[in-house]
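Please read these points with the structure open beside you.

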Amino acid sequence: AVSIMETEEQARNRFQTELEFVQCLANPNYLNFLAQRGYMREKPFVNYLKYLLYWKDPEYAKYLKYPQSLHMLELLQYEHFRKELVNAQCAKFIDEQQLLHWQHYSRKRTRLQQALAEQQQHSSTAAK
């Protein structure tokens, strides 16, 4: 058996390419595009999606800008989900759900920051 060692540059390029691809999985329209072109039915592609699960490891996950890409990667392990993505309505629904989640998270975060600021203001006036 011949073992082919990756050079440092090849490893870096692979890391960069896989990072970009995993982040693209956060885009339901891109998933719909891949599904419509038949990728989701191809065994090598499905195997590649399984291989990419290493991104769930915190050591790698910390590089992801879009944490929802990991959720999508997990869902893509299921054949039923991959089949549904051919449907543009499915992609639209996921897109809307992500937006709602993001809006909810943003509002919640703003409220927490306001409460914290008021608390700090209150404790600094109380200390005088």
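1. A term is needed before the rest. A polar contact is a pair of N or O atoms within 3.5 Å; within protein, one of the two must be able to donate a hydrogen and the other to accept it. The model discussed here is a predicted one. In it, the side chain of Arg82 comes to 3.3 Å from the backbone oxygen of Met40.

2. Where does Arg82 sit? Its place is in helix 6, which covers residues 79-84. Leaving out residues up to four places away in sequence, Arg82 touches Ala35, Met40, Val46, Leu49, Leu76 and Gln77.

3. Which side chain of opposite charge is nearest to Arg82? The nearest is Glu79, at 5.2 Å. A salt bridge needs a side-chain nitrogen of Lys or Arg within 4 Å of a carboxyl oxygen of Asp or Glu. Arg82 has no salt bridge, although Arg82 is buried.

4. Met40, the other partner in the contact of point 1, belongs to the largest nonpolar core, which has 21 residues. Leu25, Met40, Leu76 and Leu85 touch the most other members of this core. Two or more core residues come from each of helix 1 (8-24), helix 2 (28-36), helix 3 (43-51) and helix 5 (68-75). With residues up to four places away in sequence set aside, Met40 touches Leu31, Leu34, Ala35, Phe45, Val46, Leu76, Arg82 and Leu85.

5. The protein has seven helices and zero strands. Of its 128 residues, 26% count as buried. Among contacts with a separation of 6 or more, 69% are between residues 24 or more positions apart.

6. Is Ser69 buried or exposed? Ser69 counts as buried because its relative accessibility is 0%, and buried means under 20%. Ser69 lies in helix 5. Apart from neighbours within four places in sequence, Ser69 is in contact with Val22, Gln23, Leu25, Ala26 and Leu64. One of these, Leu25, was named in point 4 among the core residues that touch the most other members.

7. How many salt bridges are there? The count is five. One of them joins the side chains of Lys83 and Glu79, at 3.4 Å from N to O. Both residues lie in helix 6, four residues apart, about one turn of the helix. Lys83 counts as exposed because its relative accessibility is 54%. Glu79 has a relative accessible area of 48%, so Glu79 is partly exposed.

8. Other salt bridges share partners, and in this way Glu6, Arg14 and Glu18 are joined into one network. The side chains of Glu6 and Arg14 meet at 2.7 Å, N to O, and those of Glu18 and Arg14 meet at 3.5 Å, N to O. Glu18 and Arg14 are both in helix 1, four residues apart, about one turn of the helix.

9. Glu6, at 35%, counts as partly exposed. Arg14 is partly exposed too, with a relative accessible area of 34%. Glu18 counts as buried because its relative accessibility is 5%. Glu18 is thus a buried charged residue with a salt bridge, whereas Arg82 is buried and has none.

Technical notes. Residues numbered from 1 in each chain as written. Predicted model: local features only at pLDDT ≥ 70, side-chain atom pairs only at ≥ 80, totals over all residues. Heavy atoms only, no water. Core = buried A, V, L, I, M, F, W, Y, C linked by side-chain atoms within 4.5 Å. Buried < 20%, exposed > 50% of the residue type's maximum accessible area, 1.4 Å probe, protein only. Contact = heavy atoms within 4.5 Å. Lys, Arg positive; Asp, Glu negative; His and termini not counted.
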